[in-house]
Amino acid sequence: MLAVVPPPVTVRVPSKVNLHLSVGDVRDDGFHELTTIFQALSLTDEVTVAAAEEPGVEVFGEGAKSVPTDEGNLAWRAVRALAEHVDRAEDIDKVGVVLRKGIPVAGGMAGGSADAAATLVGLSSLWKLDLARDELAQIAATLGSDVPFALYGGTALGTGRGEELVPVLSRHTFHWVLAFDQRGLSTPRVYGELDRLRADGDPPRVGSHAPVVEALASGDPKQLALLLGNDLQAAAVSLRPGLRRTLRAGVNAGALAGTVSGSGPTCAFLCESADAALEVAAELAGAGVCRTVRVAHGPVPGARVVGGDDAPRHPTPPQVHA
Ligand SMILES: C[C@@](CO)(OP(=O)(O)O)[C@H](O)COP(=O)(O)OP(=O)(O)OC[C@H]1O[C@@H](n2ccc(N)nc2=O)[C@H](O)[C@@H]1O
Ligand SMILES: Nc1ncnc2c1ncn2[C@@H]1O[C@H](COP(=O)(O)OP(=O)(O)O)[C@@H](O)[C@H]1O
């Protein structure tokens, strides 16, 4: 009898920007207590999970050369974690994962976390596991602090180490320009630099997240722009001083405000409209302060199946290269 091979499953998964990131004390487990507001953006990765004779991960696209393809890849860790969760560890020898990256690697936009979340969704579909998203989120949290958010997407308040999520009402669509830097920044290094800055002095801290929640409900980008804040920004700028110039250039190009995304070095600029974002992107691309510029909008949904390999592809967001 012929074995029935299930068709490959492709999952599209968003990046994120932290609209507000308040870093508290270091906990006993080495993680920092966070209060953050995530927004999922239309800059995405696509992850295909398939039954394969050769198991493993292949990576294409943005920054592919710097992504590990061994056990260090978060997508592969997701395969292992899900397989162990459903008692099918022996079956991972028949799983292949292909990553098509649009999210910059080590860019502060949670690309690796996105791939892990997409792999959980893709493999549970391939294996017809019918697991609730909340169950996947529990596995996701073991893989990284940002992984649960990539499953849900939208706009959410994250607490704990970032993995405890509550949705936040966000009216309308916000338009962003993203400036990718030449090289990535390591997340643990940026948290370490913040600890060092705080030991030496008192870098400014963002206030309460409550006004950000109100601005999101109002849907007014001008109101939100005044409130963007990130405690990790000082640390990212300390490690990569050129980011100061990038942040200035985005605002000079007409953005309402700019922020370092998470641990950086990607800078995210909030714009008044989709047209304004295209204008800011074009001007920023010409300013010579970053490697590449992209436009994106948010909020968008979390990791979701878009079909098999031959399913029609959605257009990627317009891209402007520096
Ligand atoms: C900074 C943020 C903001 O959303 O995102 P990125 O900029 O990396 O995308 C996150 O806190 C990153 O989350 P994620 O990248 O999943 O981090 P994890 O793998 O869980 O942890 C990597 C390392 O970051 C530090 N870490 C992470 C989260 C946290 N609440 N406190 C920490 O101190 C720890 O040094 C940890 O060993
Ligand atoms: N699937 C993946 N995509 C990108 N990076 C990955 C992946 N799996 C593991 N990594 C490693 O994780 C590091 C952080 O990657 P990423 O999630 O893109 O950045 P950030 O934590 O800044 O949002 C990378 O430098 C890379 O070595």
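Leaving aside its neighbours within four places in sequence, which residues is Lys16 in contact with? Select Lys16 together with Phe38, Gln39, Ala40, Leu41, Met109, Ala110, Asp146 and Phe149: these are its contacts, where contact means C-beta atoms, placed from the backbone, within 7 Å of each other.

Before going on, note that this is a predicted model, in which local features need pLDDT of at least 70, side-chain atom pairs count only at pLDDT 80 or more, and totals for chains, interfaces and linings use all residues. Residues are numbered from 1 along each chain as its sequence is written, while chains are lettered from A and ligands numbered from 1 in the order in which they are written.

Lys16 counts as buried, with 31 C-beta neighbours inside 10 Å. The cut-offs are 20 or more other C-beta atoms within 10 Å for buried, 12 or fewer for exposed, and partly exposed in between, with C-beta atoms placed from the backbone.

Next select Asp146, in the loop between α3 and α4 (147–152). Asp146 is also buried, with 28 other C-beta atoms within 10 Å. Not counting residues up to four places away in sequence, Asp146 touches Lys16, Ala110, Ser113 and Gly162.

An unreviewed UniProt entry lists Lys16 and Asp146 for "active site"; such annotations may be inferred rather than shown by experiment, and positions follow the numbering used here, with feature names shortened. The two span 131 residues in sequence, yet their C-alpha atoms are not more than 9.1 Å apart, so they gather at one spot.

**Ligand 1**

Now show ligand 1 and the 20 residues that surround it, the closest being Gly144, Ser145, Arg161, Gly262 and Ser263. A residue belongs here if its C-beta atom, placed from the backbone, lies within 6 Å of the ligand. β1 (9–26), β2 (32–51) and α5 (187–200) each give two or more residues to this shell. Colour by domain: domain 1 (9–169) and domain 2 (174–298) both contribute to the shell, so ligand 1 lies between them. The domain bounds come from an automatic or database assignment.

**Backbone stops**

Most residues other than glycine have a negative phi, and most peptide bonds are trans. Go to Pro265, in the loop between β9 (257–260) and β10 (267–271); the bond from Gly264 to Pro265 is cis, with omega near 5°. Finish at Asp87, where phi is positive, near 60°. Asp87 is exposed, with 8 other C-beta atoms within 10 Å.

Notes
Helix = DSSP H or I, 4+ residues; strand = E, 2+ residues; numbered from the N terminus. Contact = placed C-beta atoms within 7 Å.
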